[in-house]
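Q: Can you walk me through this one? I'd like to start with the sheet and then get to the helices.

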Amino acid sequence: MKSAFSMGCIMSILLAMACSRPPKQAPMEYVKTELAKLAPVTLECDLSGLTEADRTVLEHLVEAAAVIDELFLLQVDPGNPELRAGLAPGPHRELFDIMFGPWNRLEADVPFIGDRIKPDGAGYYPPDMSREEFNRVIASQPQLEEIFTSNFTVIRRSGSELIAVPYHEAYSSLVGELHAHLLRAAAACEEPTLKNFLELRASALLNDDYFDSDMAWMDLEGDLEVVIGPYEVYEDALFGYKAAYEAFICVVDRAESEKLADVANYLNDMEANLPIPDRYKNFNRGSSSPIKVVQEFVSAGDTKAGIQTTAFNLPNDERVREAKGSKKVMLKNVARAKFEKCWIPIVNELLAGQPLANVSFDAYFNHVLMHEMSHGLGPGTLRTAEGEVTTVNKALKELYSVIEECKADVLGIYNLKFLIEKGVLPAALRSSMYASYLGGMFRSIRFGIDEAHGGGVAIQFNTYMESGAFFMNEDGKLDFDGQKLEAAISELARRLLLIQAQGDYQAAREFVDKYRVLTPVMSQCMKRLEEVPIDIRPSYPELP
Ligand code: ZN
């Protein structure tokens, strides 16, 4: 535990329970500091292109999203609604609503109301159940394994037994409400693919079989993009089995989607342009993961808690992924809000005058898009020295993620230049892309270099510093040399792609050990960012 107020004495807990006094609260100053880490912002979303029918659909989906919030609050802890009811309006309740419970998601789940430690299994399992007890039940009654490990059941005690209860029974009344809202949305809907998805999803909620509706989701067309139901399993830190309810209710960004379709026509040219020998290039990957750009209108549940999502890749069901692939959805207005509230203050603090004058949201967002596209370029399967066929992922083992994220960043910027030269992207990006690339690095490094994205950025930053492409000027501000940087980007891309193409674990180990380090320059920069918000706290405009 990290905080001084986490473990009160047992007596005070017992006393508090006996007199049902309100639970002990963290000092006001602490709560205000935590709130200040999340910059408030109203998310703008352009609804002007929507039909009347789509607006009615949106109204019902916003009501559905409110039910998702209630469901997730219960999943985090069954005692949450009662605890919230006892809170007076003010900063503690505000933080409670952001975190969906009394535990601070920004600080390793330290409790700020009461002193109960958050159970690893959140509200999905009995709080006193151990991993061993769960495994013992499955070992002694193998027929229970499927329902116990299901993504869509909670585990409860019935007498001395553990039992698995499907979500639609455990949360039956809220699930019923959600079902009704989705059917009303479907009834108002004129876009056949969305209508089909909403109807199938409404039925799925009543039996927790999401396969057909996940398949239908892959085929969505029209101006609305809707994700609603139980999806990610991160909240279950005990086993990673149980899916949390969440919703993204979004409007498709037509202009960005058309740009991406243009870019997709150049995938083979980009592969051909990689700075490695032709024998290592990979022209038969296909495009199994389409990208869609949207504006978030409302989010709810799991995804709204704590740090905000800017992109997601769904569905998680491997059967759907095999049949239809998966869909990557980027939330452009969330990215813009983070850019303005968290990114600009960083570059103001760190960048020298020239690059600072050139940073732009467009350059930043295009790099993010090209990062995603670039995951689909370069070596995938390879042959070992012994002639065995394997994958880059298997060959590089635990180093794969950091090398792959680093590659996607570096090829992202490398391909931006290529697409500008081809005339696919506007020439105006040329002056801003390197400045924005340098400026963006410290946002990832702040989340830690042990994580794959932050680690990949540390590798880029340190290799560019070593070659003199990046440097710190006499005022302690960061700047770059454009010519050296172009050469350094090609060289880094070449090294990473060769490590992947040859499946060379030893080379990956040496490379990562040398460059994934927090250097004095990086620490010095990080110190200057302590006051900058780490994320945003969105509020959503009313439906006009
Ligand atoms: Zn990535």
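This is a predicted model: local features need pLDDT of at least 70, side-chain atom pairs count only at pLDDT 80 or more; totals for chains, interfaces and linings use all residues.

Q: OK. With that in mind, what stands opposite valine 227 in β7?

A: Phenylalanine 248 of β7 stands opposite valine 227.

Q: And in which sense do β6 and β7 pair?

A: The pairing of β6 with β7 is antiparallel and runs over seven bridges.

Q: What is the strand order of the open sheet?

A: The order is β6-β7-β8-β10-β9, five strands with mixed pairing. β6 (224-230) and β9 (311-314) are the edge strands; each has a single partner strand, so one side of each lacks a neighbour in the sheet. On average, neighbouring strands of this sheet are turned by 35° against each other, ignoring direction.

Q: Is β6 mostly covered or mostly open?

A: Mostly covered: seven of the seven residues of β6 are buried.

Q: What packs on the sheet at β6 and β7?

A: Helix α10 (residues 192-207) does, touching β6 and β7 (245-252). The direction of α10 makes about 10° with that of β6.

Q: Now β8 and β10. Parallel or antiparallel?

A: Parallel. Strand β8 (residues 291-301) and strand β10 (residues 327-331) are joined by four bridges. Valine 293 stands opposite methionine 330 in β10, and lysine 292 stands opposite valine 329 in β10.

Q: How many bridges join β9 to β10?

A: Four, and β9 and β10 run antiparallel. Phenylalanine 312 has valine 329 in β10 as its bridge partner.

Q: Is β10 buried or exposed?

A: Buried. Five of the five residues of β10 are buried, so the rest of the structure largely encloses this strand. That holds for both faces: Lys327, Val329 and Leu331 are buried on one side, and Lys328 and Met330 on the other.

Q: Which helix lies across β8 and β10?

A: Helix α17 (residues 361-374), which runs at about 170° to β10.

Q: Switching to helix pairs. At what angle do α19 and α21 cross?

A: Roughly 60°, and the axes of α19 (residues 400-421) and α21 (residues 452-466) come within 8 Å. The two helices are therefore oblique to each other. Their crossing is right-handed.

Q: Which residues make that contact between α19 and α21?

A: From α19, they are Ser401, Val402, Glu405, Cys406, Asp409 and Val410. From α21, they are Ala452, His453, Gly455, Gly456, Val457, Ile459, Gln460 and Tyr464. By class, the contact of α19 with α21 has seven nonpolar, five polar and two charged residues.

Q: What about threonine 463, buried or exposed?

A: Threonine 463 is found in helix α21. Its relative accessibility is 11%, so threonine 463 counts as buried; the cut-off for buried is under 20%.

Q: What is threonine 463 in contact with, leaving aside its neighbours within four places in sequence?

A: Leu492, Phe511 and Tyr515.

Q: At what angle do α22 and α23 pack, then?

A: About 140°, with the axes of α22 (residues 482-502) and α23 (residues 505-515) 9 Å apart. That makes α22 oblique to α23. The crossing of α22 and α23 is left-handed.

Q: Last topic. Where is leucine 425 found?

A: In the loop between α19 and α20 (429-446). At 4% relative accessibility, leucine 425 counts as buried.

Q: Which residues is leucine 425 in contact with, leaving aside neighbours within four places in sequence?

A: Lys259, Asn366, Leu416, Leu419 and Ile420. Asparagine 366 is 59 residues from leucine 425 along the chain, and their C-alpha atoms are separated by 9.1 Å.

How values were computed. Residues are numbered from 1 along each chain as its sequence is written. Side-chain values use heavy atoms; hydrogens and water are left out. Two strands pair if DSSP finds at least two bridges between them. Axes are lines fitted to C-alpha atoms, for helices over the stretch in contact, and angles run from 0 to 180 degrees between N-to-C directions. Contact means heavy atoms within 4.5 Å. Angles under 35 degrees count as roughly parallel, over 145 as roughly antiparallel, 65 to 115 as roughly perpendicular and the rest as oblique. A crossing is left-handed if the near helix is turned anticlockwise from the far one by less than a right angle, and right-handed if clockwise. Ala, Val, Leu, Ile, Met, Phe, Trp, Tyr, Cys and Pro count as nonpolar, Asp, Glu, Lys and Arg as charged, and the others, Gly among them, as polar. Buried means under 20% relative accessible area, exposed over 50%, partly exposed in between (1.4 Å probe, protein chains only).
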